[in-house]
Amino acid sequence: MLRLLATVCLYVLGNAIGIFVASYVLEGFSINFLSLITVAVIFTVIVVVATPLLVKISLRQVPQLTGGIALVATFVGLFGATLLSDGITITGVTTWILAPLIVWLISLIAGLVLPLFLFKKTLEKHQESKA
């Protein structure tokens, strides 16, 4: 249970970092800093729910889409977050194209790097116990 909670927290934190970076880089993307965590949670829930649905649809209808499911799910998550929260605004076609790419990429990097920093002691103990 603790592992699941840590995974969920890392996922939300990684998404929050991705959303923040996108808002910093893209002119048409703004986020109310106070609502960043709320938007990240909404975004994460939408992505977690949308991803399996998109995979199922793509396998039946458009198999070529399966490789881009993460980007499509990120787009859907951002779209849903803009509908459900007043804390995020995305305007302009270019911003709508670049925002999912930036959020997905930064979230991916954060998902790989954050555990190394946040759970460094746990990883070290695990490695010591193997030796």
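Predicted model: local features only at pLDDT ≥ 70, side-chain atom pairs only at ≥ 80, totals over all residues.
Student: What makes up the protein, and how do the elements run?
Tutor: There are 5 helices and 2 strands. From the N terminus on, the order is α-β-α-α-β-α-α.

Student: How do you know how α1 and α2 are placed to each other?
Tutor: Take the axes. Helix α1 covers residues 2-25 and helix α2 residues 36-60. Their axes come within 9 Å and cross at roughly 115°. Angles of 65 to 115 degrees count as roughly perpendicular. The two helices are therefore roughly perpendicular to each other.

Student: Which hand does the crossing of α1 and α2 have, left or right?
Tutor: The crossing is right-handed.

Student: Which residues of α1 and α2 meet?
Tutor: From α1 come Tyr11, Val12, Asn15, Ala16, Ile19 and Phe20. In α2 their partners are Leu36, Ile37, Val39, Ala40, Val41, Phe43, Thr44, Val47 and Val48. Contact here means heavy atoms within 4.5 Å.

Student: What kinds of residue make this contact of α1 with α2?
Tutor: The division is 13 nonpolar, 2 polar and no charged. Val, Ile and Phe are among the types that count as nonpolar.

Student: What share of the protein counts as buried?
Tutor: Buried means under 20% relative accessible area. Of the 131 residues, 35% count as buried.

Student: What does the accessible surface come to?
Tutor: About 8700 Å², and 72% of that belongs to carbon and sulfur atoms.

Student: How many of the contacts join residues at least 24 apart?
Tutor: Take contacts between residues at least 6 apart in sequence; 68% of them join residues at least 24 apart.

Notes
Residues numbered from 1 in each chain as written. Heavy atoms only, no water. Axes fitted to C-alpha atoms, helices over the stretch in contact; angles between N-to-C directions. Helix = DSSP H or I, 4+ residues; strand = E, 2+ residues; numbered from the N terminus. Parallel < 35°, antiparallel > 145°, perpendicular 65-115°, else oblique. Left-handed = near helix turned anticlockwise from the far one by under 90°. Buried < 20%, exposed > 50% of the residue type's maximum accessible area, 1.4 Å probe, protein only. Areas by Shrake-Rupley, 256 points an atom, 1.4 Å probe, with all protein chains shown as cover.
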